[in-house]
Amino acid sequence: MDLATDLPICATCGVQYDAPRPDCPVCEDERQYVGWDGQRWTTLGTLRAEGFHGRLEPEGPGVYGIGAEPKISIGQRALLVTTPGGNILWDCVPYLDDDLIAQVNALGGISAIAVSHPHFYGSMIDWSHAFGNVPVYVHAADEQWLGRRSPAVELWTGDTLTVGEGLTLVNGGVHFDGGTVLHHAGGENGQGALFSGDILQVVLDRRYVSFMYSYPNYIPERPATVRRAIRLLEPFAFEAIYGAFWQTIVRTDGRAAMHRSADRYLRFVADPAHPS
């Protein structure tokens with residue numbers, strides 16, 4: 001498979017662009033940042049030459065984390081969600097090589113890609129091409145952030161979209177207007193799973209999630225946006241919540257964890273005088 005090994009990838013956020021440019025709009029936005037050493041670029045070819053390699057490990061029942069070693073950009077991992085009707089790649093990473101493609105194919109390949117928000121676009125078009133130009137689902141509210149255009153990108157609108165049997169994208173709108181999560185009704189052996197990227201960020205105390213407009217710059221999300229997201233997720237059952245980074249997973253009673261996290265967050269945001 002011929003991949004775009006020479007296209008620029010922002011070294012800070014990991015987003016691939018379709019042509020060289022002096023700036024990375026994703027990093028210049030207030031939800032991200034330009035690296036302290038200034039704007040830096042790499043390519044897929046450079047990463048391979050520097051000895052980077054893929055990492056694929058189980059993260060849950062029928063769920064595999066995909067990333068790179070050493071860590072690239074902010075260190076997120078994608079998730080391969082395996083289902084009888086076809087596998088979906090949730091979120092994306094900048095790195096891809098022939099060995100990683102072979103490992104994913106051994107697990108059944110990829111039928112579609114869905115991405116939570118622009119920070120996790122990575123090299124999603126290369127990933128699509130590597131698996132037969134599968135569709136890449138991006139919410140239309142985030143179209144302006146696309147670094148690389150392709151017919152494979154399917155912009156969707158509205159609150160929810162079904163992308164397979166028991167697979168539903170939900171536009172919670174947290175972090176970005178197009179901020180999306182994936183619900184898998186058959187996940188966790190039929191108890192349901194929510195794949196949230198950092199739209200609902202699984203925090204270090206993995207009994208909770210949090211909601212931020214900007215994580216690196218510590219800008220809290222607006223209460224009305226959080227309330228809307230919780231309302232949209234209310235109809236869905238899920239035992240686990242899979243966050244954006246390795247092992248950031250709420251393993252049990254995920255739906256209750258979401259509710260108590262939202263209650264706590266809104267209590268502190270709405271009432272700054274509340275005792276800590």
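Biologist: Which strands does helix H6 lie across?

Modeller: Helix H6, residues 223–233, lies across strand E11 (167–171), strand E12 (180–184) and E13. To read such a packing, look at the direction of the helix next to that of a strand. Here H6 runs at about 160° to E11. Keep in mind that this is a predicted model.

Biologist: What is the order of the strands in the sheet that has E11, E12 and E13?

Modeller: Reading across the sheet, go strand by strand: E10-E11-E12-E13-E18-E19. That makes an open sheet of six strands, and its pairing is mixed. At the edges sit strand E10 (160–164) and strand E19 (249–250), each pairing on one side only.

Biologist: How many bridges pair E13 with E18?

Modeller: Four bridges, and the sense is parallel. Strand E13 covers residues 193–197, while strand E18 covers residues 240–243.

Biologist: Let's turn to the backbone. Is the peptide bond from glutamate 69 to proline 70 cis or trans?

Modeller: For a peptide bond, omega is the angle to read. In this bond omega is near -10°, and the bond is cis. Proline 70 belongs to the loop between E4 and E5.

Biologist: What about phi at asparagine 133?

Modeller: Asparagine 133 has a positive phi, about 60°, although it is not a glycine. You'll find asparagine 133 in the loop between helix H4 (124–130) and strand E8 (136–139). Glutamate 188 also has a positive phi, near 50°, and is a residue other than glycine. Glutamate 188 is found in helix H5, residues 187–190.

Biologist: How do I read empty space inside the model?

Modeller: The idea is to roll a probe the size of a water molecule over the atoms, which shows where empty space is left. This structure holds one cavity of 30 Å³ or more. About 50 Å³ of space lies in the largest cavity.

Biologist: Which residues line the largest cavity?

Modeller: Val15, Gln16, Tyr121, Gly122, Ser123, Met124, Ile125, Gly147 and Arg148. Sorted by class, the lining has four nonpolar, four polar and one charged residues.

Biologist: Last one: which residues does the UniProt domain annotation cover?

Modeller: The unreviewed UniProt entry gives "domain: Metallo-beta-lactamase" for residues 75–245. For a span like this, you can check where its ends sit and what it is made of. The end C-alpha atoms of residues 75–245 lie 7 Å apart, and the span is 18% helix and 30% strand.

Notes
Residues are numbered from 1 along each chain as its sequence is written. This is a predicted model: local features need pLDDT of at least 70, side-chain atom pairs count only at pLDDT 80 or more; totals for chains, interfaces and linings use all residues. Side-chain values use heavy atoms; hydrogens and water are left out. On a 1 Å grid over the protein atoms alone, a cavity is a set of points where a 1.4 Å probe fits but cannot get out, and a pocket is an open set with protein on both sides within 12 Å along at least five of seven lines; lining residues have an atom within 4 Å of a point. Grid points are joined across faces, edges and corners, and a volume is the space filled by probe spheres set on the points. Ala, Val, Leu, Ile, Met, Phe, Trp, Tyr, Cys and Pro count as nonpolar, Asp, Glu, Lys and Arg as charged, and the others, Gly among them, as polar. UniProt positions are given in the numbering used here, feature names are shortened, and annotations may be inferred rather than shown by experiment. Helices (H or I, at least four residues) and strands (E, at least two) are DSSP runs, numbered from the N terminus. Two strands pair if DSSP finds at least two bridges between them. Contact means heavy atoms within 4.5 Å. Axes are lines fitted to C-alpha atoms, for helices over the stretch in contact, and angles run from 0 to 180 degrees between N-to-C directions.
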